[in-house]
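User: Please examine the structure shown below and answer some questions about its helices and its surface.

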Amino acid sequence: ITLSPVEWHVHELLYGYLPAIAAGFLLTAVPNWTGRLPVTGTPLLGLLLVWIAGRLAMLVSAKIGAPTAAAIDLSFLAVLASVIGREIVRGRSVQNIKILALIGLLLVGNVVFHLESMRPGGSNGYGMRVGIGTAVLLITVIGGRIIPSFTRNWLARWSPGSMPTVFNRFDAIAIAGGAAAIALWVVAPSHYATAMLALIAAVLHAIRLARWAGYRTLREPLVIVRHVAYAFVPIGFLLVSSSVVLPALIAPTGALHCWTAGAIGLMTLAVMTRASLGHTGQPLTATVPIQLVYLAVVIAAAARIIASFNIARAPLLHLAAIAWVAAFGGFALIYWPLLTRRGPIKG
């Protein structure tokens with residue numbers, strides 16, 4: 001591997017794991033947006049093989065050369081963008097073109113990451129910040145669709161009363177405010193203007209989350225977990241602001257891991273657990289083992305955030321690692337029998 005251990009850790013989360021999750025979600029959601037049949041069979045298998053080739057290329061990059069490994073790795077996002085773009089265009093779903101733009105941003109971030117890693121002076125973090133920022137934007141855009149939607153559906157069935165506020169101008173302002181703060185954070189992470197915009201974004205997204213009536217879904221962890229995952233978005237903005245204003249108190253890694261371990265980790269598991277239950281015909285409720293998976297991710301994120309305050313750093317880093325492995329290992333153990341059994345999978 002030509003990357004350092006930390007660079008490999010960052011790259012494989014942002015440009016290995018995250019694109020795979022985005023592909024799974026989008027290839028399921030886009031047919032609903034466009035009315036077209038989903039991508040299946042040989043094309044889907046080909047996309048999977050391209051992703052696997054990228055992971056293998058990164059592992060043997062020292063043997064095949066960093067440029068070759070980068071080209072193979074970058075091909076997945078390029079192919080994914082072309083597939084999603086084709087479906088959006090043919091389905092005349094122009095309103096969803098912003099999703100394609102976010103995939104393009106991930107691709108740009110990955111290009112920058114590879115170029116930085118090949119530079120003798122080392123990385124200055126642009127590629128990392130572009131990847132994390134794009135992931136947060138994906139959560140604010142897609143999460144803004146699925147969280148209030150699933151919450152509304154559950155409340156309508158089990159707890160009639162006040163409902164999540166439908167998407168309106170405030171949501172657009174919150175997304176734009178977050179995008180502006182992220183853009184400035186990418187280019188000037190330590191500037192006081194970044195701290196100011198990040199603080200504003202934290203307030204906007206906290207208010208946005210409060211408008212989705214998550215407090216009324218405490219009875220069903222499968223629903224409330226999405227609200228908890230989204231909460232890491234405004235907390236991350238707050239930590240960005242705090243790390244600029246109070247650098248001696250909190251390290252920038254607090255915000256990084258709030259968004260990665262917290263928002264990305266918990267939101268992706270929340271989506272995967274719910275979607276897997278629905279597609280395999282299981283009751284849409286979180287069993288105790290699934291709840292423990294959620295708890296493990298929250299513990300991992302919390303431990304990693306607290307460690308950024310230089311409080312019991314070494315033990316907390318070990319706790320975060322153990323909890324993270326327990327969460328995703330637990331998911332694999334719980335869902336492997338469901339996802340590998342014979343029989344039709346519901347769409």
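Analyst: Helices (H or I, at least four residues) and strands (E, at least two) are DSSP runs, numbered from the N terminus. This is a predicted model, in which local features need pLDDT of at least 70, side-chain atom pairs count only at pLDDT 80 or more, and totals for chains, interfaces and linings use all residues. Residues are numbered from 1 along each chain as its sequence is written, and side-chain values use heavy atoms, with hydrogens and water left out.

User: In which helix does His-227 lie, and is His-227 buried or exposed?

Analyst: Buried means under 20% relative accessible area, exposed over 50%, and partly exposed in between (1.4 Å probe, protein chains only). His-227 belongs to helix α9. Because its relative accessible area is 5%, His-227 is buried.

User: Which residues is His-227 in contact with, leaving aside its neighbours within four places in sequence?

Analyst: Contact means heavy atoms within 4.5 Å. With those neighbours set aside, the contacts of His-227 are Ile-147, Thr-151, Leu-209, Trp-212, Ala-213, Gly-214 and Thr-217.

User: What span should helix α7 have, and how far apart are its end C-alpha atoms?

Analyst: The expected span of a helix is 1.5 Å times one less than its number of residues. Helix α7 (residues 169-187) has 19 residues and so should span 27 Å; this agrees with the separation of its end C-alpha atoms, 27 Å.

User: Which helices are included in what covers the buried residues of α7?

Analyst: Among the buried residues of α7 are Asp-171, Gly-177, Gly-178 and Trp-185. The cover over the buried residues of this helix includes α6 (126-158), α8 (192-210), α9 (221-245) and α10 (253-279).
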